[in-house]
Amino acid sequence: MITGELKSQVDKIWESFWTGGVSNPLTVIEQFTYLLFIRRLDETQLLEEKKAAMIKKPVANIIFTPEQQELRWNSFKD
């Protein structure tokens, strides 16, 4: 059972989907999974960028091209 702060966060996400017109639980889970995937991709690229900056070389494994920067997790707004 989910309780406390985590439950509050999950409820907030469900409320956001519901008020946005998405009421099918399977669709909510699908969209939430997609968002988590995008977040993980962005975290992976951030790590690669930090490594590249430390060794002063270009990023070896580019996930998001310069044209795709608006698709990164850190560019999403509430």
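Colleague: Is tryptophan 73 buried or exposed, or partly exposed?
Modeller: Tryptophan 73 is partly exposed, at 33% relative accessibility. Buried means under 20% relative accessible area, exposed over 50% and partly exposed in between, with a 1.4 Å probe and protein chains only. This is a predicted model, in which local features need pLDDT of at least 70 and side-chain atom pairs count only at pLDDT 80 or more, while totals for chains, interfaces and linings use all residues. Residues are numbered from 1 along each chain as its sequence is written, and side-chain values use heavy atoms, with hydrogens and water left out.

Colleague: How many aromatic pairs are there?
Modeller: The count is one aromatic pair. The ring centres of tryptophan 73 and phenylalanine 76 are 5.8 Å apart and their planes are at 65°, so the pair is edge-to-face. Rings of Phe, Tyr and Trp (its six-membered ring) pair if their centres lie within 6.5 Å; planes under 30 degrees apart count as stacked, over 60 as edge-to-face and the rest as tilted.

Colleague: What does aspartate 42 contact, leaving aside its neighbours within four places in sequence?
Modeller: Aspartate 42 is in contact (heavy atoms within 4.5 Å) with Phe64, Arg72, Trp73 and Asn74. Aspartate 42 is buried, with a relative accessible area of 2%.

Colleague: Where is aspartate 42 found?
Modeller: Aspartate 42 lies in helix H2, residues 25–55. Helices (H or I, at least four residues) and strands (E, at least two) are DSSP runs, numbered from the N terminus.

Colleague: And arginine 72, is that buried or exposed?
Modeller: Arginine 72 is buried, with a relative accessible area of 4%.

Colleague: Which residue meets arginine 72 in a salt bridge?
Modeller: The partner is glutamate 49, at 3.0 Å from N to O. The pair links distant parts of the chain, 23 residues apart, with arginine 72 in the segment after H2 and glutamate 49 in helix H2. A salt bridge is a side-chain nitrogen of Lys or Arg within 4 Å of a carboxyl oxygen of Asp or Glu.

Colleague: How many salt bridges does the whole structure have?
Modeller: The search finds five salt bridges. Among them is that of lysine 7 with aspartate 11, whose closest N and O atoms are 3.2 Å apart. These two are separated by about one helical turn because they are four residues apart in helix H1, residues 4–19.

Colleague: Which residues are linked in a network of salt bridges?
Modeller: Arg39, Arg40 and Glu43 form that network. Within it, glutamate 43 and arginine 39 meet at 3.5 Å, N to O.
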